[in-house]
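Please open the model in your viewer and keep the selection tool at hand.

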Amino acid sequence: MAVVHVEDSRARNRLAELGLSIEEIENVLRRAEAERNFCTPFDPLSLPGNIFWGRTVRFLRETYVPKGWRSASPSNVSLLISPTDDFAVTASSGSREAGFAALTPSTRYPKGSAVIRRVETNRQLMFPDYEVEAEPQEVGDGIPTWFLLYQHVNTETGTRLYSELSLPNNMGSRGKIDSWHERIILPWIDFEGVTPFPNDDDGEGGIDIPIERLG
């Protein structure tokens with residue numbers, strides 16, 4: 001069962017251990033939302049979600065690279081790598097359970113083989129007896145990868161954003177990540193007066209071909 005940090009102090013302390021903060025992540029998400037809201041109903045349906053995901057990645061990098069972190073994109077997986085090179089952070093839209101401590105979320109969409117390999121690396125590091133076939137290493141490979149999961153929920157006055165920073169340990173069915181070793185639940189953010197969008201697709205997993213383990 002995943003370790004879940006839900007109380008404000010516990011979440012803050014765990015994020016601090018990782019070199020992150022609630023305030024900085026919230027600022028990243030607020031900036032990404034502002035960019036998303038430049039979209040109009042005349043844009044392609046997937047554009048608001050793509051913009052939110054892409055700007056979340058960008059603003060995470062802009063916030064933390066000056067603090068000694070670095071960016072990398074091995075196999076087109078957009079990463080923020082810690083100053084000690086011992087873990088990475090990426091972003092993904094999540095299911096309706098994302099951001100709720102009592103529920104178990106998944107990524108909203110299936111992931112490609114490059115993301116699947118990163119989750120298998122997480123599992124190998126947590127369970128040394130679990131073996132992953134060795135492959136050529138790129139910058140950021142071979143280290144745990146945390147996922148900043150988020151979901152938008154329509155409210156009577158606008159939109160509410162739920163999010164969490166979570167460390168996956170296994171792939172589920174159909175290429176979605178739905179098993180977690182540790183979850184840090186972040187405070188939700190209300191955007192009043194913001195017009196909801198009908199589809200919040202994201203672009204972090206669509207280039208690759210999803211792989212489902214058989215047997």
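**The crossing of H2 and H3**

Select H2 and H3: H2 passes H3 in a right-handed crossing, a term that applies if the near helix is turned clockwise from the far one by less than a right angle. This is a predicted model, in which local features need pLDDT of at least 70 and side-chain atom pairs count only at pLDDT 80 or more, while totals for chains, interfaces and linings use all residues. Residues are numbered from 1 along each chain as its sequence is written, and side-chain values use heavy atoms, with hydrogens and water left out.

H2 covers residues 22–36 and H3 residues 47–64; their axes (lines fitted to C-alpha atoms over the stretch in contact) come within 8 Å and cross at roughly 140°.

Next, display the side chains in contact (heavy atoms within 4.5 Å). On H2 they include Ile25, Val28 and Leu29, and on H3 they include Ile51, Phe52 and Phe59. By class, this contact has 10 nonpolar, two polar and seven charged residues.

**The whole chain**

Finally, colour by burial: of the 215 residues, 46% are buried, meaning under 20% relative accessible area with a 1.4 Å probe, protein chains only.

Definitions and conventions
Buried < 20%, exposed > 50% of the residue type's maximum accessible area, 1.4 Å probe, protein only. Axes fitted to C-alpha atoms, helices over the stretch in contact; angles between N-to-C directions. Helix = DSSP H or I, 4+ residues; strand = E, 2+ residues; numbered from the N terminus. Nonpolar A, V, L, I, M, F, W, Y, C, P; charged D, E, K, R; others polar.
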